[in-house]
Amino acid sequence: MKKLIGHLDVQKQLNQLFETGRVPHAIMLHGAKGIGKRLIAEAFARRLLCGPSNDLLGGGDLLTFDEGHELFPQIEAASTPDYLLIEPEEGKKEISVKIVREKLKNLSLSSDGKRIVIIDAADQMNSNSANALLKTLEEPGEGVHIILIAHSLSNILPTIVSRCRQFRVSNLTNTQVAEVLKTADDKKTPVEIDILVELAAGCPGEALRLGKDGEDILKMIDTYLSRASTLEAINLSEKFQQKKVSPLALELLLKRIAMRAKSNPQNAHKWAQIYQNLDDKRRNMEIYNLSPQLVLETCLMDVISTNS
């Protein structure tokens, strides 16, 4: 698995639970998308199943684990029933009740050791799959630990949240984000890293998701914002449509507007108002299946007033 960087407070708390033998049956890791909650869950799951690393250099509070344990290669190969991952099927946005039931059906069986279930992400379960999970949370079985990952607690059944020990996972610092990005790709230049750090806003997973397309689109948006006009808005929206990146361009335009609202106190209210208008248009695009190009073009034109 990838190297876990940062989140020392959460690592310390989870490690203390492990050391004292008080690991609850259900843990909820919640925070912004792309900040490393999955990596924390995976590291803790490996520690529970394989035990801590004997490498003292790892630090006593870090979620190290014994890579020499017999279960470790099976976990890495996803070939052990003691380590289960529940996530949406490829191309799907929701975790179906079928997937939840299939994964959890054998958890009630007796076992001599621990069994770990990671759910990524709990707020992507529909009502049926959430209720199927709730039954297991009520009677998890001996040795069963369920680690739920959530981007938004408000989208999860309160009855599920109430049964979990909650850990708030905070955004990483810019220095930590840069370390993550360098680890992921050591060929990136310092300038490219700086751009991605800005895009990440503390969430390196989001920067990695955006990748090279994100860097290029952001440069084009910055150029546009310096000379916004109706003609430029039309031309730029057409370019993005030809590259089939209009939704991504709209997402990055919103990110840039949000950054300007934070970094420009004198015009913060104006930028915040523009952001709200653009975000409303984005939501309507998703609800009513509107043309991304036309929505993006309209949003780009909305920005023109900030330069007047």
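Me: Why is R209 called partly exposed?
Reply: R209 has a relative accessible area of 44%, and partly exposed is the class between buried (under 20%) and exposed (over 50%), worked out with a 1.4 Å probe on protein chains only, so R209 is partly exposed. The model here is a predicted one, in which local features need pLDDT of at least 70 and side-chain atom pairs count only at pLDDT 80 or more, while totals for chains, interfaces and linings use all residues. Residues are numbered from 1 along each chain as its sequence is written, and side-chain values use heavy atoms, with hydrogens and water left out.

Me: How do you know that E206 forms a salt bridge with R209?
Reply: A salt bridge asks for a side-chain nitrogen of Lys or Arg within 4 Å of a carboxyl oxygen of Asp or Glu, and the closest N and O atoms of E206 and R209 are 2.9 Å apart, so the pair meets the rule. Both residues sit in helix α9 (residues 204-226), three residues apart, which means that about one helical turn separates them.

Me: Why is R47 called buried, and what makes its contact with E19 a salt bridge?
Reply: R47 has a relative accessibility of 2%, and therefore counts as buried. The closest N and O atoms of R47 and E19 are 3.3 Å apart, which gives a salt bridge. R47 lies in helix α2 and E19 in helix α1, so this pair ties together parts that are 28 residues apart in sequence. E19, with a relative accessible area of 52%, is exposed. By the salt-bridge rule, the count comes to 16.

Me: How do you know that R282 and E286 meet in a salt bridge?
Reply: Their side chains come to 3.1 Å, N to O, and form a salt bridge, and the two residues lie four residues apart in helix α12 (residues 268-288), about one turn of the helix. E286 is called exposed because its relative accessible area is 52%. Elsewhere, salt bridges that share partners join R38, E42, E87 and D120 into one network.

Me: Why does L278 count as buried, and which residues touch the most other members of the largest nonpolar core?
Reply: L278, in helix α12, has a relative accessible area of 0%, so it is buried. A nonpolar core is a set of buried Ala, Val, Leu, Ile, Met, Phe, Trp, Tyr and Cys residues joined through side-chain atoms within 4.5 Å. The largest such core has 41 residues, and I217, Y224, F240, L253, L278 and V303 touch the most other members. Helix α11 (246-263) gives the most to this core, with eight residues. The C-alpha atoms of L278 and E251, 27 residues apart along the chain, are separated by 9.8 Å.

Me: What makes L157 partly exposed, and where is L157 found?
Reply: L157 has a relative accessibility of 31%, and therefore counts as partly exposed, and it is found in the loop between β4 (144-150) and α6 (158-161). L157 and S127 are 30 residues apart in sequence and 8.3 Å apart in space, C-alpha to C-alpha.

Me: Why is T64 called buried, and what does its side chain reach?
Reply: T64 has a relative accessible area of 17%, so T64 is buried. T64 lies in the loop between α2 (37-50) and α3 (72-76), and its side chain reaches the backbone nitrogen of S53 at 3.5 Å.

Me: Which helices each supply at least two residues of the lining of the second largest pocket?
Reply: They are α1 (8-20) and α7 (174-184). By class, the lining has nine nonpolar, six polar and four charged residues, where Ala, Val, Leu, Ile, Met, Phe, Trp, Tyr, Cys and Pro count as nonpolar, Asp, Glu, Lys and Arg as charged, and the others, Gly among them, as polar.

Conventions. Polar contact = N/O pair within 3.5 Å; in protein donor to acceptor, adjacent residues only side chain to side chain.
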